[in-house]
Amino acid sequence: MPPISAPKSAVVDLLDRQLIHSLQIDPRISFSRAAEVLGVSEQTVARRYRRLRGDGVVRVIGVVDPRRIGQSDWVIRVQVRPDGTARLAAALTRRDDVAWVSVSSGGSEIIGSVRSRTREQRDDLLSQRLPRTAPVLGMAAYVILHHFRARSEPKLINIGEVLSAQQVDALRPAVSQDSEPATLTAADEPLLAVLAGDGRASLAQLARACGQSEGRTARRLAALRDSGALYFDVDLATGLLGLGTAAHLWLTVVPHRLAAVGDQLAALPEVEFIAAVTGAANLFASVVCRDLDALYDLITNDLGVIDGVVALEVSPVSHRLKQSGALMDGDRLAHPAPRRAPAR
């Protein structure tokens, strides 16, 4: 695949894509380990990563999984008056418990993900604030029942096969066999606040934020990660990678085929997220494609032949304002603002 020229002179070549894939396999992989597997110098890997991050192509973000602390993930659909869309969408992006926000249906609908860490925080948003906001004409909230791709599983977003099977195996991080549930405490908040802005922050940075030794910080980071309470997302500016069309899919699947259909869709390179949800449409997916023709091919040639799908609704994304936690600046990932830990 030839290099992709993105707006404002960002160029993504084969080595860049290999590095991106390496980060998706292990978001906190050391530059030295990535360099060894990719066959280049450590300095080259570090320089490429800094450029990709500086150009708003990639962000690594530490995320708390609400399900591991007794809460749940939700997907929301909010119908709004077009003249109020921008203001409401911007307000949602400012909330730490709203993971991603996009505008669909020509500007009349906001779709997002809510990952509140307390029931009170979630209920305040879904039951109080949103329904009482003036531009809101209607809304629906769906709880996520099952993720069809483990959050620890790497996913290369449709930018080509760039690593060999041997390289992928070499890049996979070791998985602890003795992981136990981890309970978040107030002492974890400085660590989580730093990782929310930069998932690749060094142990030295994390230790300073926590006021602890690097050894103790490393052990706590490993415990949170091994337990699943903390995971790392790799946000990509897919538009800069030649994928200019995004859409949300709402599928109604016969119940006994739900697991099989979800697994089939999770294997498609265009599918960046897929989950079983409550509601009439019991499967929700986010997809990114090269263009509208590619989206049409996905719908007709891939989805159209899957047994068990009885209805499909496509919500084309007009623009994205926030991804897994990274704000968007046009087609690019914005530089993260410093995030303070909650007061103890």
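This report walks through a predicted protein model, from its overall make-up down to a few single residues.

## The big picture

Let's start with the whole chain. The protein has 344 residues, and 51% of them are buried.

How do parts of the chain that lie apart in sequence meet? Take the contacts with a separation of 6 or more: 76% of them link residues 24 or more positions apart. Keep that in mind as you follow the strands and helices below.

## The barrel

Eight strands close up to form it, in the order 4-6-5-12-9-11-10-7, and their pairing is antiparallel. On average, neighbouring strands of this sheet are turned by 35 degrees against each other, if you ignore direction.

Strand 4, which covers residues 74-80, is joined to strand 6 by six bridges, and the two run antiparallel. In that pairing, Val75 sits opposite Ser113 of strand 6.

## Helices packed on the sheet

Helix 4 (residues 85-93) packs on this sheet, and it touches strand 4, strand 5, strand 6, strand 7 and strand 12. Compare directions and you'll find about 165 degrees between helix 4 and strand 5.

Helix 10 (residues 258-266) packs on the sheet too, touching strand 9, strand 10, strand 11 and strand 12. The direction of helix 10 makes about 170 degrees with that of strand 10. Strand 12 (309-322) is on the contact list of helix 4, and strand 12 also turns up on the list of helix 10.

Next, find helix 2 (residues 31-38) and helix 3 (residues 42-54). Their axes are 8 Å apart, and the helices pack at an angle of about 110 degrees. Angles of 65 to 115 degrees count as roughly perpendicular, so helix 2 and helix 3 fall into that group. Their crossing is right-handed. On the helix 2 side, the contact is made by Phe31, Ser32, Ala34 and Ala35, while helix 3 brings Glu42, Val45, Ala46 and Tyr49. Sort these residues by class and you get six nonpolar, one polar and one charged.

Helix 8 (residues 203-210) and helix 9 (residues 214-227) make another crossing to look at. Their axes come within 9 Å and cross at roughly 100 degrees, so helix 8 is roughly perpendicular to helix 9. Here Leu203, Ala204, Leu206 and Ala207 of helix 8 meet Glu214, Thr217, Ala218 and Leu221 of helix 9. By class, this contact has six nonpolar, one polar and one charged residues.

## A strand covered on both faces

Are the residues of strand 3 buried or exposed? Seven of the seven are buried, so strand 3 is largely enclosed by the rest of the structure.

In a regular strand, side chains alternate between the two faces of the sheet. In strand 3, both faces are covered: one side has Val58, Val60, Gly62 and Val64, the other has Arg59, Ile61 and Val63, and all of these are buried.

Gln18 is part of helix 1 (residues 14-25). Gln18 has 13% relative accessibility, so it counts as buried. Setting aside residues up to four places away in sequence, Gln18 touches Leu38, Val162 and Leu163.

Ser104 lies in strand 5 (residues 98-104). Its relative accessibility is 0%, so Ser104 counts as buried. Apart from neighbours within four places in sequence, Ser104 is in contact with Glu109, Ile111, His248, Ser315, Pro316, Val317 and Ser318. Ser108 sits in the loop between strand 5 and strand 6. With a relative accessible area of 27%, Ser108 is partly exposed. Beyond its neighbours within four places in sequence, Ser108 contacts Val78, Gln79 and Val80. Ser108 and Asp83 are 25 residues apart along the chain, and their C-alpha atoms are separated by 8.9 Å.

Key:
Residues are numbered from 1 along each chain as its sequence is written. This is a predicted model: local features need pLDDT of at least 70, side-chain atom pairs count only at pLDDT 80 or more; totals for chains, interfaces and linings use all residues. Side-chain values use heavy atoms; hydrogens and water are left out. Axes are lines fitted to C-alpha atoms, for helices over the stretch in contact, and angles run from 0 to 180 degrees between N-to-C directions. Helices (H or I, at least four residues) and strands (E, at least two) are DSSP runs, numbered from the N terminus. Angles under 35 degrees count as roughly parallel, over 145 as roughly antiparallel, 65 to 115 as roughly perpendicular and the rest as oblique. A crossing is left-handed if the near helix is turned anticlockwise from the far one by less than a right angle, and right-handed if clockwise. Contact means heavy atoms within 4.5 Å. Ala, Val, Leu, Ile, Met, Phe, Trp, Tyr, Cys and Pro count as nonpolar, Asp, Glu, Lys and Arg as charged, and the others, Gly among them, as polar. Buried means under 20% relative accessible area, exposed over 50%, partly exposed in between (1.4 Å probe, protein chains only). Two strands pair if DSSP finds at least two bridges between them.
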